Structure formats: structure tokens, C-alpha cells
Amino acid sequence: MHEIPFEEILQRLLDLKANRVLIQTPEGLKGEAQALADFLERNGIEAIISGDINYGACDPADTEAKRLGCGALIHLGHSYMALHLEVPTLFVPAFAKVDVVPALERNIEEIKKLGKKIALVTTTQHIHQLERARTFLEENGFEVLVGKGDSRVSWPGQVLGCNFSAARVNADGVLFIGAGYFHPIGLAISTRKPTLAVNPYSGDAIWMDKEAERLIRKRWAQIAKAMDAERFGVITSTKKGQLRLAEAKRVVKLLREHGKYAKLIAMNHISYPALEGFDFDAYVVVACPRVPIDDYENWRKPVLTPREVEILLGLRDDYEFDEILGVERKEDEPPGISVKGL
Ligand code: SF4
């Protein structure tokens with residue numbers, strides 16, 4: 001179970017004078033969402049639970065909350081992201097309870113191979129332990145740099161699968177604390193620096209350079225598969241934090257300038273089965289980079305990122321990871337509120 005700060009959420013809702021709320025949750029926090037709804041209703045606030053699957057802070061259900069007449073949205077499981085919101089939104093991250101220092105201790109000799117000056121980054125789940133990690137590393141003689149990142153992230157040192165701005169510091173190498181490959185591979189490609197991923201659950205450390213090379217080889221294979229394609233579907237997302245319409249239109253224009261047929265497609269949940277029946281030879285996903293990179297094996301047509309289209313058209317030859325940069329909130333918009341519960 002994750003600890004959700006019920007009392008702090010209640011206080012924030014009372015401050016906002018919200019007497020009806022929509023609760024949005026990722027798959028793993030459904031039980032907590034239901035318990036929170038019970039708690040809020042015991043305290044006089046009507047709570048509706050969203051049954052739609054949520055994958056990130058990039059997809060807040062603020063429009064749905066407004067349509068349901070809710071005074072606020074509670075977005076569980078992800079940290080605050082600056083977005084243009086329609087109702088006040090409480091972003092409530094879920095922090096992991098695992099201690100990160102034992103895994104660092106165990107891998108100190110590997111970490112030394114990064115050099116003296118290291119960029120330290122992690123995901124939301126472990127961000128509350130970043131200072132502990134920094135202190136441990138400094139006591140072991142490292143100069144630790146924790147980048148601020150742009151407005152897409154909530155905390156210095158935080159990375160997302162689509163944003164590595166916090167790693168752009170003048171370091172010899174990058175130390176990532178967390179599980180899974182997607183973030184550290186993206187870090188290795190984006191920073192072009194030696195990247196070591198230390199997993200606090202298993203205690204293992206993995207160098208990402210080979211993994212990054214392997215991924216880039218697979219992406220070149222996708223680009224090669226799209227070489228003969230004449231008809232492109234360019235997909236933009238309608239999810240608030242993935243909507244990159246200007247970039248999608250730029251890709252359409254580029255393809256047309258190079259003699260290709262290109263059409264803009266808007267989708268909410270992007271998956272290949274929904275596209276069956278359209279007459280395209282290849283697709284470009286201008287949304288979450290995880291879709292073309294993590295999910296391409298489920299697509300029967302080649303699927304590329306915008307940067308890969310530039311390679312396909314001969315406009316660049318170096319491989320670049322597809323990142324989404326932060327936006328600045330406008331003054332007159334409802335706020336996004338970070339509920340830390342620390
Ligand atoms: S766009 Fe993708 S990687 Fe970025 S926050 Fe959303 S789900 Fe995560």
C-alpha cells in the first residue's frame with residue numbers, strides 16, 4: 001500500500017471550497033482511490049472515481065471533472081506538471097518506501113567509474129530520498145549535481161520518460177536511481193554521457209550505454225522499414241500533456257515537402273488496432289515517446305518519432321531521443337497543486 005495523505009487532501013479541498021471532486025488513479029492505486037472516496041464522503045465531499053486508465057500527469061481528467069460539475073480534480077500517483085488546467089487539480093504522487101542508500105553502498109565501485117562529478121536523477125517514486133542519496137555520495141567523495149529541470153517536472157533531479165531536462169548539467173556521467181529501463185536508456189541517449197542505473201529494489205546496477213546502442217539499432221531498423229513508405233499517418237494526442245499539434249503539423253509539412261502523402265490524425269489512446277482500416281504505409285507518433293519506442297512490436301506498420309522522420313528524410317544523421325519540454329502556466333488558469341504528504 002502507498003501512503004496517500006488523506007487529511008492534507010481534505011484540507012486542500014476545503015480551502016478550494018470544492019464540495020464535489022473527481023478522483024483519477026493509475027492501475028496500481030485503485031484501492032487507495034476507493035478508500036479516499038469513502039473518506040471524503042464521510043467528511044461531506046461528494047467523490048466520483050474515474051474508471052479510465054491513467055498513465056501519467058500528462059493526462060489529467062480536468063475537462064471531465066469540469067463536465068461533471070466538480071470543483072477540483074484529484075490526480076493520484078503522479079507529481080505536478082505545469083499544464084493548462086480547467087479546474088484546480090491536486091497532484092498526489094505515490095512515494096516508494098524502499099531505502100535507496102543500501103543499493104548505492106553495494107554499487108559504490110561501479111558508481112566511481114562515472115567520474116568525480118555526477119548528475120544525480122530519479123523518478124517521482126524515489127525523489128523524497130534524493131537528498132539522502134546526495135549526502136551519501138558526497139560523503140564518498142563525489143561532486144553531485146542535481147539539475148533543476150524545466151516546468152514539466154516538479155522537483156530538481158526528477159526525470160520523466162519524456163523529459164530529461166534535470167540531467168542537463170555539466171557532469172562526467174549520470175547516476176539514475178530507479179527501476180526499469182525506459183528512463184535510463186532515454187537519459188543515456190539524451191545526455192550522451194555514461195549512464196549507470198541503480199535499482200533500489202533489486203540492488204543491481206546496470207550500465208545503459210549498451211542498452212542505448214541496442215535501442216538505437218532497433219530504431220534504425222524501424223526507419224529502414226519506413227524507407228519505401230509513401231503514405232504517412234501523423235498522430236497527435238488529445239491528452240493535455242502530450243498534445244503537440246504544432247510539432248505534428250511541422251512533421252506533416254516536412255513529409256509533404258519531400259513528396260510524401262501525409263495526414264494528421266488525432267487520438268486519445270494511441271494503439272495500432274484502432275488504426276486498422278486506414279490506408280497508410282507508416283505512422284509518426286507525435287505524443288508520448290513511449291508509444292513508438294516501447295510498443296512498436298504491436299504495430300503492423302513502421303512507427304516513428306518526429307526526430308526519426310528527419311533521419312528518414314535525410315535531414316539529420318545523429319539519433320536523438322524524442323522529448324517533450326515543459327510549458328508555462330498562464331496566470332488566469334486554475335492552479336495545479338502539488339500535494340506532497342512528506
Ligand atoms: S508523455 Fe509519456 S513518458 Fe511523458 S509523462 Fe506522459 S506517459 Fe510519462
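I began with the helices around the largest pocket, and found that helix H7 (182-191) and helix H10 (290-294) each supply at least two residues of its lining. Helices here are DSSP runs of H or I with at least four residues and strands are runs of E with at least two, numbered from the N terminus. H10 gives the most to this lining, with 3 residues.

I noted the basis of the entries: the model is predicted, so local features need pLDDT of at least 70 and side-chain atom pairs count only at pLDDT 80 or more, while totals for chains, interfaces and linings use all residues. Residues are numbered from 1 along each chain as its sequence is written, and side-chain values use heavy atoms, with hydrogens and water left out.

**Pockets**

I looked up the volume of the largest pocket and read about 1,100 Å³. A pocket is an open set of points on a 1 Å grid over the protein atoms alone, where a 1.4 Å probe fits, with protein on both sides within 12 Å along at least five of seven lines, and lining residues have an atom within 4 Å of a point. The volume is the space filled by probe spheres set on the points, which are joined across faces, edges and corners. I listed 43 lining residues for the largest pocket, of which Tyr55, Gly56, His78, His183 and Arg290 lie nearest its centre. By class I recorded 21 nonpolar, 17 polar and 5 charged residues in this lining; Ala, Val, Leu, Ile, Met, Phe, Trp, Tyr, Cys and Pro count as nonpolar, Asp, Glu, Lys and Arg as charged, and the others, Gly among them, as polar.

I then turned to the second largest pocket, which holds about 310 Å³ of space. Its lining has 18 residues, with Asp59, Pro60, Glu64, Lys239 and Asn268 nearest the centre, and splits into 5 nonpolar, 7 polar and 6 charged residues. Helix H3 (residues 62-67) provides the largest share of this lining, 3 residues. Because domain 1 (2-93) and domain 3 (226-312) both give residues to the lining, the second largest pocket lies between them.

**Domains**

I took the domain bounds from an automatic or database domain assignment, which divides the chain into domain 1 (2-93), domain 2 (101-210) and domain 3 (226-312). The C-alpha centres of domain 2 and domain 3 lie 31 Å apart, and 5 residues of domain 2 are in contact (heavy atoms within 4.5 Å) with 5 residues of domain 3.

**Sheets**

Strand E1 (residues 20-24) pairs with E2 over 4 bridges in the parallel sense, and Ile23 stands opposite Ile49 in E2.

Strand E8 (residues 195-198) and E9 run antiparallel and are joined by 3 bridges, with Leu196 opposite Trp207 in E9.

Note on methods. Pairing = 2+ DSSP bridges.
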